Amino acid sequence: MQYTIESKIRMPSQIRPLAGKVALITGAAKRLGRVSALKLAEGGADVAVTYLHSAREARNTAREIERLGVRALAVRCDVTDEKSVRTAVQQVLKNFGGIDVLVNNAGNYETVEFESLTLRQWDAIFTSNVRGPFLVSKEALPYLRKRHGRIVHLGSLGGLRPWADHAHYCSSKAALHMLTKVMAKALAPEISVNCVAPGMIDLGEKSAAGLMRRMAVQTPMRRNGNANDVASAVLFFACAPQFITGQILYVDGGLGL
Ligand SMILES: NC(=O)c1ccc[n+]([C@@H]2O[C@H](COP(=O)([O-])OP(=O)(O)OC[C@H]3O[C@@H](n4cnc5c(N)ncnc54)[C@H](OP(=O)(O)O)[C@@H]3O)[C@@H](O)[C@H]2O)c1
């Protein structure tokens with residue numbers, strides 16, 4: 001009997017585990033970030049999405065979020081720029097009053113042969129993929145700390161496996177994986193810090209169809225991942241026990257094994 005009563009009482013929070021929480025997700029106008037933002041909203045969170053160039057798509061994503069019955073905000077933010085990050089975080093605070101979950105999703109990916117890789121390309125990838133998450137996390141830190149919040153980084157299987165034509169990208173994601181672990185230690189016990197590291201994700205792009213077919217055959221799960229696989233992992237860390245921290249979760253169907 002007791003079990004029945006408890007499970008009835010607990011049902012709403014199980015369905016919407018983030019009800020009453022505020023999530024900030026960077027680079028979430030489209031693609032993986034958009035789907036993760038919608039997943040957090042389905043979980044009950046009010047969601048602020050940031051964009052750099054995709055203003056129209058960000059507004060559309062915000063409208064989709066609102067249709068799920070929670071509040072949404074689209075904010076411009078260049079994650080590499082301290083002033084822009086500060087302004088964006090302040091806008092979120094002004095509208096939503098705090099931050100419980102920060103998802104550092106914004107990033108860049110580029111394919112370049114090692115011998116052609118320029119210093120400018122190297123620095124640009126590190127600036128968005130490593131300095132960005134560091135800057136946004138630092139800015140949101142006091143607010144996350146107040147609410148015993150969570151940080152989720154978006155790493156990559158490329159941060160574990162060396163891909164010959166992606167030296168800068170792989171190195172930047174490896175750095176982000178390490179930053180996850182350092183931050184988990186440095187920010188405990190108030191804040192948990194984890195990382196979702198996607199493998200081969202099929203976003204339906206025609207230009208990648210051949211590669212996707214080849215990769216699915218090589219993947220133990222016999223398929224590539226999709227945006228929902230990644231978003232589910234983001235939601236997991238957004239509401240997992242605070243005791244889970246410093247983890248890199250590969251969402252790769254076993255490809256990295
Ligand atoms: N897609 C995959 O298969 C895959 C695999 C492994 C890891 N990941 C990681 O998962 C995350 C999301 O993947 P994705 O493919 O959806 O990413 P994406 O489309 O390459 O980039 C996401 C967003 O990042 C934003 N962005 C780039 N530079 C920025 C900056 N300086 N300041 C603020 N925003 C910036 C862009 O926003 P605007 O469009 O508004 O300019 C872009 O829409 C990334 O961190 C990526 O590295 C993806």
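Modeller: Of the 257 residues in the protein chain, 49% are buried, where buried means a relative accessible area under 20%, exposed means over 50%, and partly exposed lies in between (1.4 Å probe, protein chains only). This is a predicted model, in which local features need pLDDT of at least 70 and side-chain atom pairs count only at pLDDT 80 or more, while totals for chains, interfaces and linings use all residues. Residues are numbered from 1 along each chain as its sequence is written, and side-chain values use heavy atoms, with hydrogens and water left out.

Leaving aside residues up to four places away in sequence, Ala 184 touches Val 193, Thr 245 and Gly 246; a contact here means heavy atoms within 4.5 Å. Asn 194 stands 10 residues from Ala 184 in sequence, and their C-alpha atoms are 7.3 Å apart in space.

The loop between helix 6 and strand 6 (192-198) contains Pro 189. The peptide bond that leads from Ala 188 to Pro 189 is cis, with omega near 5°. Most peptide bonds are trans, and most residues other than glycine have a negative phi. Two residues elsewhere in the chain have a positive phi. Arg 31, in helix 2 (residues 31-42), is not a glycine, yet its phi is near 50°. His 148 also has a positive phi, of about 50°, and is found in the loop between helix 5 (119-146) and strand 5 (150-154). Arg 31 has a relative accessibility of 47%, so it counts as partly exposed; His 148, at 47%, is likewise partly exposed.

The wider chain gives this part its setting. The secondary structure comprises 8 helices and 7 strands. The radius of gyration, taken over C-alpha atoms, is 18 Å, close to the 18 Å that the globule rule (2.2 Å times the number of residues to the power 0.38) gives for 257 residues, so the chain is as compact as a globular protein of that length. Along the principal axes, the C-alpha atoms fill a box of roughly 60 × 45 × 40 Å. Among the contacts in the chain with a separation of 6 or more, 73% join residues 24 or more positions apart.

The structure holds 9 salt bridges, each being a side-chain nitrogen of Lys or Arg within 4 Å of a carboxyl oxygen of Asp or Glu. One of them links Asp 229 with Arg 223, whose closest N and O atoms are 2.8 Å apart. Salt bridges that share partners also join Glu 82, Arg 86 and Glu 139 into one network. Within helix 4 (residues 82-96), Arg 86 and Glu 82 lie 4 residues apart, about one turn of the helix, and their side chains meet in a salt bridge of 3.8 Å, N to O.
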